[in-house]
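Subject: Structure for your review

Dear colleague,

Please find below the structure that I am handing over to you. I would be grateful if you could read the notes that follow alongside it.

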Amino acid sequence: MRSVFFIILIVLITSSELPAQHWVMQTSPNRTRLNRVAFVDTSNGWAVGNSGLIIHTSNHGISWNIQTSNTPKTLRDLAFVSPSTGWVVGDSGLILHTTDSGNSWNPQISGTLNFLNGVDFVDSLYGWTVGTSWIGDTTSVILHTTDGGNVWSRQFCGSVDALTSIQFIDRDHGWMSHDRGAVYRTQNGGSTWRGCFIEWSLFMSLYQVSMVDCDHGWVVGGNGGMVLHSFNVDSIWRRQPSGMLYYFSGVASIDTNTCWVVGENGNIRHTLNGGTTWLRDTIGITRNIRGVSFIDAMNGWAVGDSGTILYYHRAPLQVPQNFTIAADTPAVNLSWSAVPGAGIQYNIYREDVPYHSFHTLVGTTSDTTYLDLIQPATTCHYYVVRAYAP
């Protein structure tokens, strides 16, 4: 006998999106820990790490070469605005600048001896770097330049703790993350900064912020797989359950739906629906992953301990058509049209809301139907179907 389910069924067809596993290891020229990575296009990228390490690729990571930094200091972040022009920041107020793709790196005068943790430039002139309030200072370090780093001047946000990252989307609008669980925002190029409302952070360290536009972005951090999401002009940040117990140290957002986060013990997760669900990527290692950079939804890189470099690539697929869903106690019947192509496989997932318990219903199948034997419940269920070419 046909019965009515007391549930809401929201179907997300993301078949053109991610394969189950498309991360591959690239050969690193050094075993030193890498902290951050940045690409300006699908070919040209750099990564920085401990002991002054800078590495560069011009062929999307097929080969990486060490560049001369002339420093033994830890390098913590980098920013490039073109294949030739970039900056690196690190310990003891270090700022390095290149205009020749890193063939030569020249120091700039920061005016501080504090650790610089994050840097961002919106063009060849306007940039910012942030850091700690450790040596001879009582406020968090924010430095700003309007001439490519020839002169750096101080800005202030009222914090006395470490600022961990910074991102601007234009010359006016920027955000900073804080090691005591705060996010700061400016709308006037850093002349003034204000704290954003965070729904829940328990003063956990936040390590990196990544914005899509003025309204949408993510910040990641402390223990418990902290992922915070902003989705409105008032910059209210709300926690999204990531399904992870450890910390995340890096984040790369692509659009309002798509974002990757990386962290402890080889954990990489991504969302395709604005953070409603976070799926775990399989990379086959347990080293800490510390930085991530995506050029688009099909090309990304992640770096971490022991010189780890990972490359993500996928080819676009067609979206399944004619998706149907039928609730028929005690089951939900899913079906869709096959995606053209040889050997196409599908993953099927279900998330139970508001409990945020995530279930892999089918790891790999070539079928285009599935019967989910779920009991009736007064809750909401999200179904995700992904297609990929192995």
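This is a predicted model: local features need pLDDT of at least 70, side-chain atom pairs count only at pLDDT 80 or more; totals for chains, interfaces and linings use all residues.

Nonpolar cores

The largest nonpolar core contains 13 residues, and those touching the most other members are Trp 23, Ile 268, Ile 283, Ile 289, Phe 294, Ala 302 and Leu 310. Strands β24 (259-263), β27 (289-296) and β29 each contribute at least two residues to this core. The largest share, 3 residues, is supplied by β27. There is also a second, separate core of 12 residues, with Trp 336, Val 339, Ile 344 and Ile 348 among them. In soluble globular proteins, nonpolar side chains tend to be buried together.

Setting aside residues up to four places away in sequence, Ile 289 touches Ser 249, Val 262, Gly 263, Gly 266, Ile 283, Ala 302, Val 303, Gly 304, Thr 308 and Leu 310.

Thr 308

One of those partners of Ile 289 is Thr 308, which lies in the loop between β28 (299-304) and β29 (309-313). Is Thr 308 buried or exposed? Its relative accessibility is 1%, so Thr 308 counts as buried. The side chain of Thr 308 forms a polar contact with the side chain of Arg 287, at 2.9 Å. Beyond its neighbours within four places in sequence, Thr 308 is in contact with Met 25, Leu 34, Ile 285, Arg 287, Ile 289, Ala 302 and Val 303.

The open sheet

Elsewhere, 4 strands form an open sheet in the order β15-β16-β17-β18, with antiparallel pairing. The edges are taken by β15 (163-168) and β18 (194-195); each has a single partner strand, so one side of each is left without a neighbour in the sheet. The antiparallel pairing of β18 with β17 (residues 183-186) runs over 2 bridges. Arg 185 has Arg 194, in β18, as its bridge partner.

Cysteines

How many disulfides does the structure hold? The number is 0. As for individual cysteines, Cys 196 has a relative accessibility of 12% and therefore counts as buried. Cys 214, by contrast, has a relative accessible area of 22% and is partly exposed. The cut-off that separates these two descriptions is 20% relative accessible area, under which a residue is called buried.

With kind regards

Conventions. Residues are numbered from 1 along each chain as its sequence is written. Side-chain values use heavy atoms; hydrogens and water are left out. Buried means under 20% relative accessible area, exposed over 50%, partly exposed in between (1.4 Å probe, protein chains only). A polar contact is a pair of N or O atoms within 3.5 Å; within protein, one must be able to donate a hydrogen and the other to accept it, and residues adjacent in sequence count only if both atoms are side-chain atoms. Contact means heavy atoms within 4.5 Å. Two strands pair if DSSP finds at least two bridges between them. A nonpolar core is a set of buried Ala, Val, Leu, Ile, Met, Phe, Trp, Tyr and Cys residues joined through side-chain atoms within 4.5 Å. A disulfide is a pair of cysteine sulfur atoms within 2.5 Å.
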